[in-house]
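Please walk me through this structure one piece at a time.

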Amino acid sequence: MRERSFFQRLFEPPSLTEMAPASKLLTYAILIGWTIVVLFPLYWVLITSFKLPFQVNDGPDFIPFIDYQPSGHAWRYIFVELGNDTLRPYLNSIIIALTSTVLAVIIGSLAAYALVRIQYNVKIGTIAGFIVLLGATVYSINRFGTPWHLTAAIALALFFFFATSFGRYFKRALKNNDILFWIISNRILPPVVAVLPIYLMFQRVGLLDTHVAMIATYMAVNLPIVVWLMRDFFAGIPIDLEESAEIDGASRIRIFATIVLPLARPGLAATFLLVLILAWNEYLLALFISTADAQTMPLLVAAQNATRGPQWWYMSVLIVIMIAPIVLMTILLQKHIARGLMVGAVKG
Amino acid sequence: MAPTRTDRIGELDPAPPKFGLAEWIDQQTGKLFVLPAVIILLTFAIFPLLVSAYLSLTKFKLVAGGFDLRYVGLRNFKKLFFGSQQYHLLGTFDAFGPFEWAVFVTVIAAVVFWFWRFFTGGAFNVAGLVGRLISASLLVALTWLILATVFGGYPGSLVVTLFYVFVGVGVQFCIGLGLALLCGQAIRGRNAFRIIFFIPLMVTPVGIAYMFRMLADMQRGPLAYVWQWFGLGEFSWAADPWTARLVVLIGDTWQWVPFMFIVLLAAIENMPRDQLEAAKIDGAGGWQIFRDITWPSIAPVAATIVLIRLIEAFKIIDLPNVLTNGGPGIATESLTLHSFIAWRTQDLGGSAAVGYTLLFVSTITCVSFFNFIGQRTRKTEA
Amino acid sequence: MRVQLKDIRKSYGSLEVVKGLNLDIAEGEFLVLLGESGCGKSTALRMIAGLETITEGSLMIGERNMTEVLPKYRNVAMVFQSYALYPHMTVAENIGYPLKLQKTPKAELQSAVLAAATKVHLEDYLERMPRQLSGGQRQRVALARAIVRTPSVFLMDEPLSNLDAKLRGAMRAELKRLQAELGITTVYVTHDQIEAMTLAHRVAVMDAGVLQQVAPPKEIYDNPATRFVARFIGSPAMNIVTGSVADGRVTVEEGAVPLEGYAPRERVSFGFRPEDCSLVSPESGMMKARVFSTEMTGNETIVTCEIGQDHVVVREDKDFDMKPDEWVGIDVVPEKARLFDYDSGKRVHT
């Protein structure tokens, strides 16, 4: 073995699988640098939430107990003095995010599974019929003030009648991939385009600023993501298992519930978490649809801007209680999420 | 052919199929599974899209007990593109100098060359031509707009959105890729880095906005001493259009680098090891390995995540609204924020028109990217 | 139960993969569908199971027309190549799943599961998960799940092909015994001719969607109906040499073999099995050939020779010793030789 000089040892990798000391050092320096970029802002928010106003205003203090004496006054203010004003949006956020996510995952999984395993042939006429009836429903509610429950029920009944009778005479049809592409492409739609009519719609039926409106909207905007992610998980389940169950006498629903869902559990967990995060952090739709009763946390945090100016100690508390549960959950389940994202992106 | 069943059932014969409600439901599962999703999307996406199109052509007025919509044709769009709101959407224009002309001519030349390649490439078809014409006209128009407003003029919300989208996604992709490449090497603690780098993705954009407002505070923020040392202690980034935009961009980048990083790292880890080892044995250097092996194998993933980010980046509102309130002036307003502000001032028609502008620009951009860049990476894969 | 396939066809668009399959499988019979991958044998099996729709023709199981009946009402049990065990269920739950679907009372279900597991010697593994089992054990679970509900027909799609060679031999024997014991009609798909020969009461050979021959293994071996069957069955395969028939003999490039009773033909495929011929000196042999290679397998030597363009394989004893490129003569036992039409591949009789 020939002697290697100091510089050679520094810059040449010792073997195929190891790195040269110099590049190793540089790699760690950059990665640790970015770690600081990621963690420092969070750290700053956390320590700011324990500062007194004068400690913030007198300039940067970095280390609790050394630079300054931490105090729980901001926490007390947010939780005790404001009390319900904090807890109500927090509860709203939990209810709305969880419910809309559960619904989106259920409905989206059903659709994703069906699009993976069942062949479709949707007649364009059926779709056109639905849109016409929807338009007529809205017009009738608007114009004649018919009660919306009743009108919706009649329209749905008419639609099924149409779909099963005249609908079949229209020739052009959409196949699975068309439907899938259409569902996923809904995500391209900027929410601001859709939210104005949704706002008017909920205003019409008197559901503005309610949990129902928020849940329905969130569920709808997150549905494409669920379908997109779950499709790949379902496609990855060996079809033999389902065929075997089918021969043994299981119905589709039974196969889905007892074979497919348990096997797609990692995917479900990842999708659930991603959608939950999106719903939890959502801002724009909440801005339009909720004003007071159904106000969620992002709105409460954003509203601090106007009401309190730069009272950062309070804001920091709100930010901390908003991101803590999600961050903790994510760290616990990050393996699943990473895999979930990967599956979607690789096959997308 | 109709099923013909013989009714004679022997002793060993299985029970004949029962046709009841359960059976009917089982037959209909195909429809039942997919219908809820379709109906929800039709109600919450397609139908609003149509209504919005109509709204953008009307003037909205609150009247006693409700509202009134008056059809005004394209007046809302006219106002945005040529009238009193032009400064807001497009910006204030400045005459082209030599630099602007040089860039503009280069872009035109590139587009012409692209068409020439298309015509002589042998894969000519009408749909391709139409698609290319739409993409190219948008590209030329946006180039002109950027050149006319960024250097000298004053950019409107459309140009600012493009800045967030293209500069933001570009920076995020580069940092994410760089970190993923570093982290994909044979190093210890990869999992710890993965978890830590992932965190910003979870943080509420609204929270990020405040966080960066605190961090960017020149007098009381953690970097106050640094600013003072540079003599910038009295400088206010929030009062200067470009520094304000930059702070928004930094916040957005902080949040979205993790997304790029996580997916690219997974793609790098999924790469076939033997190819890498063969290349190393053949004596390929770091750059050659990246260009010839790593990049071709992660390019499809890269194209997909860039597409996802493009789609989402066009929707940006939380950060500029909370971080800078759109200001100074309209300097940091994105299209979505612009639309929201119009809505707040009861200008529903204008709001819908801005929304539709965003829809067109983002859809054409994303579809162009998918067709002309995304698909190409997949071809090299085979 | 008797299974009848009457002129069954399957096409995907314009592509026809099964071209008119006629089979009459007797009650308790073990029928093996044999063919290369892609010949349509799996599709045929899946049509019997109901997993593929039948494009044309009719399917009878017992007395009932099952052509358009849903799989779950056909009372068939299928064993998949991948075993299709449910990874999230224990062995007992896997075996009991078909009964659970039929809403069998719990006590009855448990005893049935135990009985089925005992039949395949799995009674000690009931609480394990599939991933904790070896390949052979998984295979047994799949079998137990198939027998637990006493179906009218067993359908097996290459059930042994994921096992290693040794285990496959042992499972083959067990499977054969089990089927005989239960007496349930079985349709078994494989591409492995040894499996077909050892397991089947009758073998049905398919090629490119067309049924070539249905016959007991010995008959298939001795009297192949087509050149394809002749080449497919037997290892090493039957030798096929191109020649012509005239004056009571077959003339090939380097000699001739006396063969009485055939009508003269311009071109025929002349077939004989490696064990039905022997090597002699080049001068005395019916055909002259050159040694191409020799392979000693232990108990015998497989000698490959060249006759013109054709390769001919001869079984010799293990002490055979000749070098490549040496000239030899080949003698054929005339009554064991078979003739096939050169163009259609169909057997030519005397």
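C:Ala208 sits in the loop that joins strand E9 (202–207) to strand E10 (210–215) of chain C; helices (H or I, at least four residues) and strands (E, at least two) are DSSP runs, numbered from the N terminus. Although C:Ala208 is not a glycine, its phi is positive, about 50 degrees. With a relative accessibility of 42%, C:Ala208 counts as partly exposed; buried means under 20% relative accessible area, exposed over 50%, and partly exposed in between (1.4 Å probe, protein chains only).

This is a predicted model, in which local features need pLDDT of at least 70 and side-chain atom pairs count only at pLDDT 80 or more, while totals for chains, interfaces and linings use all residues. Residues are numbered from 1 along each chain as its sequence is written, chains are lettered from A and ligands numbered from 1 in the order in which they are written, and side-chain values use heavy atoms, leaving out hydrogens and water.

C:Asn75 also has a positive phi without being a glycine, about 55 degrees. The loop that holds C:Asn75 lies between strand E5 (64–65) and strand E6 (76–79) of chain C. C:Asn75 is buried, at 13% relative accessible area. Elsewhere in chain C, the peptide bond from C:Ser235 to C:Pro236 is cis, with omega near -5 degrees. C:Pro236 belongs to the loop between helix H8 (227–232) and strand E11 (239–246) of chain C.

Next comes helix packing in chain A. Two packed helices are described by the angle between their axes and the distance between the axes. Axes are lines fitted to C-alpha atoms, for helices over the stretch in contact, and angles run from 0 to 180 degrees between N-to-C directions. Helix H12 (residues 252–263) and helix H13 of chain A pack at about 65 degrees, with their axes 4 Å apart. H12(A) and H13(A) are therefore roughly perpendicular; angles under 35 degrees count as roughly parallel, over 145 as roughly antiparallel, 65 to 115 as roughly perpendicular and the rest as oblique. In this contact (heavy atoms within 4.5 Å), A:Leu261, A:Pro262 and A:Leu263 of H12(A) meet A:Arg265, A:Pro266 and A:Leu268 of H13(A).

The axes of helix H10 (residues 211–235) and helix H13 (residues 265–281) of chain A come within 10 Å and cross at roughly 155 degrees. That makes H10(A) roughly antiparallel to H13(A). Residues making the contact include A:Tyr218 and A:Phe233 of H10(A) and A:Leu268 and A:Leu278 of H13(A).
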